[in-house]
Amino acid sequence: MLKDHLDLLLNATYQHSDELFPDPCDIYFQPLTVNPSKILQQKQINAKKSLGKNNLQLRKRHLERIALKNMLRKRLYPDNPLIIGGIKERIHPSSVKLMNSSHHSPQTNAGYVRQDRDGNVPAKIACYKPEKSGDLSPLQEIPKSTVQLDFQQSKELASANDLVKRLFTLEFAPRWKSTQVSIKDTVDLVRRHELDKGSMEARIARWTGAIRSLQEVMERFPRNKHVKVRLKELIDKRKKHLKYLRKWDYKRFEWLLEKLDIVYKPVPDYSLWHQVTRKDSLRRLTNIHCETIRNELLAEYRAALEAEQPGFLEEKIKTLEFIRHEQQECGVPVTIEQKEIDDTKALLTELLNQRAMANEVE
């Protein structure tokens, strides 16, 4: 007979063979926990019967045990809040999904773990993705009927028939020919003159076209390391020149961002960066809590003093009048002027009027 939570944990036995990566909370769902004596007897009987049998029978018994466990879960614990959902697939041992659950679980402390309340780990965004690089629009699409860049100024091609012209279009050219035309069109948007190829705007535009082209390649071939390294280098180079242009010519910098449809995302200042830890967060929360208590106590003390202020002013007026009267009767120089007493009376009258108006509003 199970009495309390501790007896439940002590009587439960974990079945390591039922799952590849079981949940830490599965201890509450073991068949032995439901009926210890009956299940233990059945296990001993099955163990005696399985002696001398082949692996097929052992596998069959293993599958029956898994089916029994699943049946008990569905029937006895259909809506149990302890069911979190474990890992059923074979993944790398260093994966973050294999992190041990503790009292900092997503259900109790969602602010200090990477998982959300459903146990899902947010997907990491690569640095070469458009969301990180700042490219708001993809590579410009060029019609297939466009003539290749090397033959656009050819006079012989202009006088050729339609079949020959079609052979020199982008329809029969490799992909890099289309990228070449797209980069040229991007540079034409920001160049200073027809022969401009080396200005700051032209270089940034050329890199932007190449970045967007390589991003499309990485979408199709995410394991291409050479393209990935080249793409990261171009993004860093463009970011470096944008930083320089932003410093020395901010108007041109804003105009260039608008023309190329990109967003400047500077490198974070790592001198201001600090690691988010539970200890530091608790220290900050403690400081906030102490400051809140201090402000509440000060507010209570201030309210108490304001409540005593009318009585204090009345006592002050009486004291000043008594001192002034005594000094006049004794014939000594009067140190208390009548103006000081009148100012105190005016202050008392104003305070009483304010409180009366506040009570009427309430």
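Colleague: What is the relative accessible area of Asp-261?

Modeller: This is a predicted model, in which local features need pLDDT of at least 70 and side-chain atom pairs count only at pLDDT 80 or more, while totals for chains, interfaces and linings use all residues. Residues are numbered from 1 along each chain as its sequence is written, and side-chain values use heavy atoms, with hydrogens and water left out. Asp-261 lies in the loop between helix 11 (250–260) and helix 12 (278–330), where helices (H or I, at least four residues) and strands (E, at least two) are DSSP runs numbered from the N terminus. With buried taken as under 20%, exposed as over 50% and partly exposed as in between (1.4 Å probe, protein chains only), Asp-261 is partly exposed, at a relative accessible area of 32%.

Colleague: What is the value of phi of Asp-261?

Modeller: Most residues other than glycine have a negative phi. Asp-261 is a residue other than glycine with a positive value, and its phi is near 60°.

Colleague: What is the relative accessible area of Gln-327, and is the residue buried or exposed?

Modeller: Gln-327 lies in helix 12. Leaving aside neighbours within four places in sequence, Gln-327 is in contact (heavy atoms within 4.5 Å) with Val-332, Pro-333, Val-334, Thr-335 and Ile-336. Its relative accessible area is 14%, and Gln-327 is therefore buried.

Colleague: At what angle do helix 8 and helix 9 pack?

Modeller: Among the residues of helix 8 (residues 175–188) that meet helix 9 (residues 200–220) are Arg-175 and Ile-183, and those in helix 9 include Gly-209 and Glu-216. Axes here are lines fitted to C-alpha atoms, for helices over the stretch in contact, and angles run from 0 to 180 degrees between N-to-C directions. The axes are 8 Å apart, and the helices pack at an angle of about 145°.

Colleague: Which helix gives the largest share of the lining of the largest cavity?

Modeller: On a 1 Å grid over the protein atoms alone, a cavity is a set of points where a 1.4 Å probe fits but cannot get out, and lining residues have an atom within 4 Å of a point. The lining comprises Ser-133, Ile-235, Arg-238, Lys-239, Leu-242, Val-263, Tyr-264 and Lys-265. Four residues, the largest share of this lining, come from residues 225–248, which form helix 10.

Methods
1 Å grid on protein atoms, 1.4 Å probe; cavity = no way out; pocket = protein on both sides within 12 Å on 5 of 7 lines; lining within 4 Å.
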